[in-house]
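Here is a short report on charged side chains and loop geometry. The structure comes first, then the details.

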Amino acid sequence: YPLSHRLHNGTAWLGSRAVRKLDEAQKHATEALRLNPDQAAYLDTMAEVLFAKGDRKAAMRSSAQAVNFAPMDPMIRAQYERFSHDPPPGN
């Protein structure tokens, strides 16, 4: 299902959480956002991928966009705080 934004996002999220194949995960996150650009959960997944890659600044930018689209979502806000303060995976 190459046009399934949900499948791309799920694949990206799995890669980010497993801290494996992060370049491939980023491609899937990018495709999910291309297909559904204003989805806060997909912006959060991109932030997860970038954070797993050790790019805190880019993760924070993506997470801030997610907060912008879902300002009342407590999970999205908690993720922003985690990206702000926690060490990236493997550190």
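## A salt-bridge network

With which residue does Glu 48 form a salt bridge whose closest N and O atoms are 2.4 Å apart? The partner is Arg 82. A salt bridge here is a side-chain nitrogen of Lys or Arg within 4 Å of a carboxyl oxygen of Asp or Glu. Glu 48 lies in helix H3 and Arg 82 in helix H5 (residues 74-85), so this pair ties together parts 34 residues apart in sequence. Helices are DSSP runs of H or I with at least four residues, numbered from the N terminus.

This is a predicted model: local features need pLDDT of at least 70, side-chain atom pairs count only at pLDDT 80 or more, and totals for chains, interfaces and linings use all residues. Residues are numbered from 1 along each chain as its sequence is written, and side-chain values use heavy atoms, with hydrogens and water left out.

Glu 48 also forms a salt bridge with Arg 17, with closest N and O atoms 3.5 Å apart. That pair links helix H3 to helix H1 across 31 residues. Shared partners join Arg 17, Glu 48 and Arg 82 into one network. Glu 48 is buried, at 5% relative accessible area. Arg 17 is partly exposed, at 47%. The cut-offs are under 20% for buried, over 50% for exposed and in between for partly exposed (1.4 Å probe, protein chains only).

## A local pair in H2

The whole structure has 4 salt bridges. One of them pairs Glu 31 with Arg 34, with closest N and O atoms 2.7 Å apart. These two residues sit 3 residues apart in helix H2, which means about one helical turn between them. Arg 34 is exposed, at 52% relative accessibility.

## Asp 44: buried, without a salt bridge

Asp 44 is in helix H3 (residues 40-52). Asp 44 is buried and has no salt bridge. The nearest side chain of opposite charge, Arg 82, is 6.3 Å away. For charge, Lys and Arg count as positive, Asp and Glu as negative; His and the chain ends are not counted.

Beyond four places in sequence, Asp 44 has contacts (heavy atoms within 4.5 Å) that include Ala 66, Met 75 and Phe 83.

## The H1-H2 loop

Val 19 lies in the loop between helix H1 (5-18) and helix H2 (22-35). Its phi is near 55 degrees, a positive value in a residue other than glycine. Val 19 is partly exposed, at 37% relative accessibility. Leaving out residues up to four places away, Val 19 touches Ala 52 and Pro 89.

Lys 21 is in the loop between H1 and H2. Lys 21 has a positive phi of about 50 degrees, although it is not a glycine. Lys 21 is exposed, at 61% relative accessibility.
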